[in-house]
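User: Please take me through this structure feature by feature, giving the general idea of how each one is read and then the case at hand.

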Amino acid sequence: MTTHRLTDRLGGLAFGGDYNPEQWDAATWKEDDELMRRAGVNLATVGVFSWALLEPEEGRYAFDWLDAHLDRLHAAGVAVDLATPTASPPPWFTLTHPDALPVTPEGVRLTHGSRDTYCLAAPAYREAARRIAAALAERYADHPAVAMWHVHNEYATPCHCEHTAAAFRSWLLERHGSLDALNEAWGTAFWSQRYGSWEQVQPPRATQWHGNPGRSVDFSRFCSDLALAAYREQRDAIRAHSDLPVTTNFMLPAYQSLDLWAFGREVDLVAVDHYPCAPGVDAAADTAFGADRARSFAGGRPWLLMEQGTNTVYAGDRTLAKEPGDILRHSLGHIARGSEGALFFQWRQSRAGAEFFHSALVPHAGADSRVFREAAATGTAVGRLAELAGSTVRARAAVLHDSDAWWAMDVDGLPSRELDYHGSLRRAHRALWDARVTTDFAHPEQDLSRYRLVLAPALFLLSDAGAANLRAYVEGGGTLLVQPFSGAVDERVQARLGGYPAAPLREALGIRVEEYRPLPADAELALSDGSRARSWSESLRAEGAETVAAYTDGMLAGLPALTRHAFGAGHGWYLSTRLDDASYAALVAALAAATGLGPDVPGLPAAVESVTRRAEDGRRWHVLINHGSDPVALPGPAHDLLTDGPLAELPPGGCAVLRAR
């Protein structure tokens, strides 16, 4: 793994984004040079969707045009994140290798005409991807513009073709060891599904009714491993020529069905794309959600916001514009949580093509526009934060995140679809964000001892190792809140017998769940502490735990709804229903306060978001973002890096990066 730091090469934090000069003419390139200088751009991602130009026919490369642009960018002081273009194979490839086009679960082979038209298991695709990655690395390994390498773009495309089927069987043999073990793991005695030969095993495809849950989760695991293998091949082809950092970009939260913990261990720096799903303060909370996940996947190593939109909020069936000031606020929201800069898709808004209304640093209106002026101001601000490079963020609370649990909650036949995985993660993180607690995400099997509070909002699948680890965390002094429908199945997606959740976790929680009782869509429950709940309930008995709140309605009246159990040096809490937003936020805030958690900068109003970055030499910086409509007096004058002067008051919507004393 490389020891180079991107920020060392840039002399500070990164600012810029995807640059596609092939879409424009020489006059526009000249303007780009000037506008990039005005905006403070120091890093451009080049070549992500350029395969058809780089390799106009199989085996014949055309690099002259790229040579000229890399030379031009270098002369302008802009470093390059050079990408492999393998997310969009050119037309000649799909015509020559139609078997490499993806196939849907319904058996429909997709055609060329968009991006992501490939099957990761197709030998012809993998060979072509390795070949162009190696050719780019060989040519540009020593080019002075190149600062890092960017493999592919947003690995995400699943396929259900015969290439995939063969690769899936090989993966299953390696994972399970024998057909008998596979049959046992998948419970194929049910519905006469027992396999008598490996050739009978197929990927999940369209069928009469519910598919096999074990096969579904194993296929998700396989697809993630397949994408990681494809990434490694390109990365290793590059590393044969270059020791610069190599990464690929993750799309959060759920666009990619990948084990991002595994990917985080393989990249030199985690790179993420993030687009808010709601406007206003919700966008700020969503920014924190994405940034905290990225930092956690990086495991203490560098990470970078690779893509965001200057003016893009994806809200259901429409794309909303951002509010004035959001470009800076969202960029600083990521930088506050550890990003080594702020990049965008893309530099100049395309005038043609499928994403021609995707926002950009230079919009259709040109440089004489609010968006460009705000973007340039943000570039100036980021340029003043060089001293933050290499500093980290320390969190004392965590939300548990496990891809296996996510994939298991997507299987057929579960009692309710309302307990969705990512919605539950967002809700837990939002409650901590509202309590102004800086939060990590953590895997249930990792060491949790540094966290005072851990929330487990969606652990439907919990491995034996994970259950034992959570028990040890509570016994060692941690506070754990486990939420409904957790620990119900093991890593094979087989139901836990003898009561839920998994036995070691039951011991730490002091409860035993006997029955899941989802509620009708319009039903609401009242709890004895005044809280309101909906969607879900459970019949459980306390086995050592004390009842904090009980059900007051129906057959569960008087039974525990929320419990607390003193176990070892810690406390295990169990919530067996879905509280309404206000009640849930109050519960999480109370747990945070009880464990000594609070804002990084105390004494500020709730509307002010505060996160602290720390350097190894003891220096600290407080990043403040005022989401309110009133000015906020700061506790004492401090030096603000954004204005390079003392700051006593934070204006409405204002930001500051303060050197801590």
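Analyst: Side chains of opposite charge can pair when their charged atoms come close. A salt bridge here is a side-chain nitrogen of Lys or Arg within 4 Å of a carboxyl oxygen of Asp or Glu, and Arg 37 makes one with Glu 34, their closest N and O atoms being 2.6 Å apart. Both residues belong to helix 2 (residues 26-39), where they are 3 residues apart, about one turn of the helix; helices (H or I, at least four residues) and strands (E, at least two) are DSSP runs numbered from the N terminus. The model is predicted, so local features need pLDDT of at least 70 and side-chain atom pairs count only at pLDDT 80 or more, while totals for chains, interfaces and linings use all residues. Residues are numbered from 1 along each chain as its sequence is written, and side-chain values use heavy atoms, with hydrogens and water left out.

User: How many salt bridges does the structure hold, and which residue pairs with Glu 184?

Analyst: The structure holds 50 salt bridges. Glu 184 pairs with Arg 492, the closest N and O atoms being 3.8 Å apart. Glu 184 sits in helix 8 and Arg 492 in the loop between strand 16 (479-482) and helix 17 (503-509), so this pair ties together parts that are 308 residues apart in sequence. Arg 492 itself is partly exposed, with a relative accessible area of 34%.

User: What do Asp 440 and Arg 295 show as a pair?

Analyst: The side chains of Asp 440 and Arg 295 meet in a salt bridge at 2.7 Å, N to O. This pair too links distant parts of the chain, with Asp 440 in strand 14 (residues 439-442) and Arg 295 in helix 11 (residues 280-298), 145 residues apart. Asp 440 counts as buried because its relative accessibility is 8%, and Arg 295 is buried as well, at 9%. Salt bridges with shared partners join Asp 292, Arg 295, Arg 337, Asp 440 and Glu 609 into one network.

User: How should I read the packing of helix 15 and helix 18?

Analyst: One takes axes as lines fitted to C-alpha atoms, for helices over the stretch in contact, and the angle runs from 0 to 180 degrees between N-to-C directions. Helix 15 (residues 421-434) and helix 18 (residues 581-594) pack at about 60°, with their axes 9 Å apart. The two are therefore oblique to each other, given that angles under 35 degrees count as roughly parallel, over 145 as roughly antiparallel, 65 to 115 as roughly perpendicular and the rest as oblique. Their crossing is right-handed, which is the name used when the near helix is turned clockwise from the far one by less than a right angle, anticlockwise being left-handed.

User: At what angle do helix 6 and helix 9 pack?

Analyst: Helix 6 (residues 123-140) and helix 9 pack at an angle of about 30°, with their axes 7 Å apart. That makes helix 6 roughly parallel to helix 9, and helix 6 passes helix 9 in a right-handed crossing.

User: Which backbone features deserve a look, and where is Trp 191 found?

Analyst: Most residues other than glycine have a negative phi, and most peptide bonds are trans. Trp 191, found in the loop between helix 8 (179-186) and helix 9 (213-239), has a positive phi of about 60° although it is not a glycine, and its relative accessible area of 47% makes it partly exposed. Arg 436, in the loop between helix 15 and strand 14, likewise has a positive phi of about 60°, and it counts as partly exposed at 21% relative accessibility. The peptide bond from Phe 345 to Gln 346 is cis, with omega near -5°, and Gln 346 lies in the loop between strand 11 (339-344) and helix 13 (370-383). Another cis peptide bond joins Tyr 500 and Pro 501, with omega about -15°; Pro 501 belongs to the loop between strand 16 and helix 17.

Definitions and conventions: Buried means under 20% relative accessible area, exposed over 50%, partly exposed in between (1.4 Å probe, protein chains only).
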